[in-house]
Amino acid sequence: MPNVNVRGPEVPRTIEALDPVFTVSNLSVFYGDYEAVRGVDMTIGNREITAMIGPSGCGKSTVLRCFNRMNDLIPGARAVGEILYHDENLYGDHVDPIEVRRRIGMVFQKPNPFPKSIYDNIAYGPRVNGIKGNMDEIVEEALTKAALWDEVKDKIKQNALSLSGGQQQRLCIARAIAVKPDVILMDEPCSALDPIATTKIEDLMQELTRDYTIVIVTHNMQQAARVSDRTAFFTAEVDGAGVRHGRLVEFDETSRIFTNPTDKRTEDYITGRFG
Ligand SMILES: Nc1ncnc2c1ncn2[C@@H]1O[C@H](COP(=O)(O)OP(=O)(O)OP(=O)(O)O)[C@@H](O)[C@H]1O
């Protein structure tokens, strides 16, 4: 079991990350010459929910996108440092980013179903990935796991855009599940949803954590406190030249981050004094 230094500046502490899926070491991410995030060390535990919180622009989404190499698709974006995925270098020469994105799915802030039937939204990924099996069963299983089957089973050929926002987001989660991922990344998945739809997604996350590892970026601290096992608090620091860089301030079990954080900046943020 590797021990990971937690970036708790004055009093560095260590936590033991059980069975890490990702081990991030000294990760910096650039957009062109701009170093958006600097020197991140963290581990993502298997079948855990890890939340990334912090004020706007501190690099949460940037780091999240490194976990499935989505930043590769942004011209000029570059990750430096190391991310191990199950002990393998995620950015190694032999690694296929398409396969990475199948294993490590992503759900975005705004539900983005294809303008196709509910059925075809789910079936698309398995088809293009050559997943074998009875497609009807694959579709039903994914929708069931995403807690949507009962609501849509009678209108499976209907256009997905006819669903409510919350249903569309669960459809996007079902779509991610259908290609049999290992990890699901979620970038503010509830920010466009009402409280009831948000609760459904949060309940769903708790269910999904039995089978999947989840990393979520959220602006909602209560959400991080409610759903996650570990929390990473990021902030932006201004360097001598006046340039802002995202930094990971503190990473620990969620209960500790919210009750007894090590760093004053974390405390100020979670108590609402900052951000
Ligand atoms: N595609 C891009 N090109 C250039 N700069 C970018 C790009 N995406 C993000 N940045 C910059 O990187 C920094 C971190 O942005 P990022 O979106 O990761 O932060 P965040 O913490 O997720 O913010 P928010 O909470 O507002 O979504 C910001 O200064 C942002 O302007």
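Which residues in helix 3 meet which residues in helix 6? The points below come to this after an overview of the model.

1. This is a predicted model, and its secondary structure comes to ten helices and twelve strands. Along the principal axes, the C-alpha trace of the protein spans about 60 × 40 × 35 Å.

2. Buried residues account for 45% of the 275 residues, and of the contacts between residues at least 6 apart in sequence, 69% join residues at least 24 apart.

3. An unreviewed UniProt entry lists residues 22-261 as "domain: ABC transporter".

4. Two packed helices are described by the angle between their axes and the distance between the axes. Helix 3, which covers residues 118-128, packs with helix 6, residues 165-178, at an angle of about 30°, and their axes are 7 Å apart. Because angles under 35 degrees count as roughly parallel, helix 3 is roughly parallel to helix 6. The crossing of these two helices, helix 3 and helix 6, is right-handed.

5. To return to the opening question, the residues of helix 3 that take part are Ile 118, Asn 121, Ile 122, Gly 125 and Pro 126, and they meet Leu 171, Ala 174, Arg 175 and Ala 178 in helix 6.

How values were computed
Residues numbered from 1 in each chain as written. Predicted model: local features only at pLDDT ≥ 70, side-chain atom pairs only at ≥ 80, totals over all residues. Helix = DSSP H or I, 4+ residues; strand = E, 2+ residues; numbered from the N terminus. Buried ≥ 20, exposed ≤ 12 C-beta atoms within 10 Å, placed from the backbone. Contact = placed C-beta atoms within 7 Å. UniProt positions renumbered as here; feature names shortened; annotations may be inferred. Axes fitted to C-alpha atoms, helices over the stretch in contact; angles between N-to-C directions. Parallel < 35°, antiparallel > 145°, perpendicular 65-115°, else oblique. Left-handed = near helix turned anticlockwise from the far one by under 90°.
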